[in-house]
Amino acid sequence: MVIAHEFDYRRPASLEEAIGILAEYPGSAWLLAGGTDLVAWLRDDAVAPDILVDIKDVPGLNGLSVENDVIRIGALVTFTELIESDLVREHAPLLVEMAETVASTGIRNRATMVGNICSAVPSCDTGPVLLVYDTTVYLAGPGGERSVDINDWFIGLRETALAEDEVVTRVDIRIRQHGGVYVKLMRYAGEDLAQAAVGVVVYPDNEYKVAFGAVAPAPFRSTRIEDALRGKPLDESLVADVVAMVDDEISPIADMRASAEYRTRMTEVMLERGLWEAAERFAGTGTDYGVRLI
């Protein structure tokens, strides 16, 4: 593989050192964790950093634990580690369902969940799932640590709330009783980007969260659909009403993988199936997580 652009490489041994390098190269340093997106962008000359800052040796970024009813997932935790974690499977099973659809085994072994939301491509699988969970992103920079609610994270196409001199250290998800589903439309079973994606979670008292991926410049929650569902048990009429909102909520593109019309119609189908399945899983009568609905 030919890399079209020359750059320096540093492998800091501490978070403070990593932040210092970012400050030394304002706007021209890129962080490297799994690198599955970054290496492809370098190959295609889509990005031209002056330096890569490899954070794999930074301590404290690879933890996965439960503390005070919160599951904490470090910035270096890979998709494979999510799949293999009993803690994640018990407390945030939608992450496992999502992670099992990401690319190939080789990619899942390297790619990190945090890297996926930092890349912030429209089809990033992690986005719709973290948006329907109660998620907080923690960052460290020259001014110390700060937190960003996941609803404020995605700003636009490959744009996030992450500043140029900051490092994401972890993601926290509040543990709550729930039933959820991640529905991903792909061209074939195996390694493929989402043509469209829907995340749904049902919480107690008929509280719903609904998020979409690959059908707008960035993953997003539909508060309009959530408002229509709030406090109501599902029935055929309610589901039909919210499915009818999809066309106005999303803005899919047409590309080599799918037309805009196909994405829209399939998103409607996915939302309908996802709502019923999430409610059934909440009630304990649904399919196992990982069973695909489409």
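What follows is a set of questions and answers on this structure, which is a predicted model.

Q: In what order do the four strands of the open sheet run?
A: The edge strands are β11 (179-185) and β14 (220-221), each pairing on one side only. The pairing in this sheet is antiparallel. Reading across, the order is β11-β12-β13-β14.

Q: Is Glu97 buried or exposed?
A: Glu97 sits in helix α5 (residues 93-99). Leaving out residues up to four places away in sequence, it touches Gly180, Val181, Tyr182, Arg281, Asp288, Tyr289, Gly290 and Val291. Its relative accessible area is 4%, and the cut-off is under 20%, so Glu97 counts as buried.

Q: Which residues does His91 contact, leaving aside its neighbours within four places in sequence?
A: Look in helix α4 (residues 86-91) for this one. His91 has a relative accessible area of 19%, and since buried means under 20%, it is buried. With the sequence neighbours set aside, its contacts are Val66, Ile175 and His178.

Q: Where is Asp45 found?
A: Asp45 has a positive phi, near 60°, although it is a residue other than glycine. At 45% relative accessibility it falls between the 20% and 50% cut-offs, so it counts as partly exposed. As for its place, Asp45 is in the loop between α2 (38-43) and β3 (51-54).

Q: What is phi of Asn206 near?
A: Asn206 belongs to the loop between β12 and β13 (207-213). It counts as partly exposed, at 27% relative accessibility. Its phi is positive, in a residue other than glycine, and near 55°.

Q: Why are the buried residues of α10 on the same side of the helix?
A: The residues in question are Leu238, Val239, Val242 and Val243, in helix α10 (residues 236-243). They pack against α9 (223-229), α11 (246-249) and α12 (260-283). They end up on the same side of α10 because the arc they cover around the axis is only 130°.

Q: Which residue caps the N-terminal end of α10?
A: Check the backbone nitrogen of Ser237, which has a side-chain oxygen 3.2 Å away. The residue supplying that oxygen, and so capping this end of the helix, is Asp235.

Q: At roughly what angle do the axes of α10 and α12 cross?
A: Two packed helices are described by the angle and the distance between their axes. On the α10 side, Glu236, Val239, Val242 and Val243 meet Glu268, Leu271, Glu272, Leu275 and Trp276 in α12. The crossing is right-handed. The axes come within 10 Å, and they cross at roughly 145°.

Q: Which side chain is joined to Arg221 by a polar contact of 2.6 Å?
A: Arg221 is in strand β14 and counts as partly exposed, at 22% relative accessibility. Its C-alpha atom is 6.5 Å from that of Leu131, a residue 90 places away along the chain. Its contacts include Leu131, Lys209, Val210 and Ala211, and a polar contact of 3.0 Å joins its side chain to that of Asn151. The partner at 2.6 Å is Glu226.

Notes. Residues numbered from 1 in each chain as written. Predicted model: local features only at pLDDT ≥ 70, side-chain atom pairs only at ≥ 80, totals over all residues. Heavy atoms only, no water. Pairing = 2+ DSSP bridges. Helix = DSSP H or I, 4+ residues; strand = E, 2+ residues; numbered from the N terminus. Buried < 20%, exposed > 50% of the residue type's maximum accessible area, 1.4 Å probe, protein only. Contact = heavy atoms within 4.5 Å. Arc of directions from axis to C-beta. Polar contact = N/O pair within 3.5 Å; in protein donor to acceptor, adjacent residues only side chain to side chain. Axes fitted to C-alpha atoms, helices over the stretch in contact; angles between N-to-C directions. Left-handed = near helix turned anticlockwise from the far one by under 90°.
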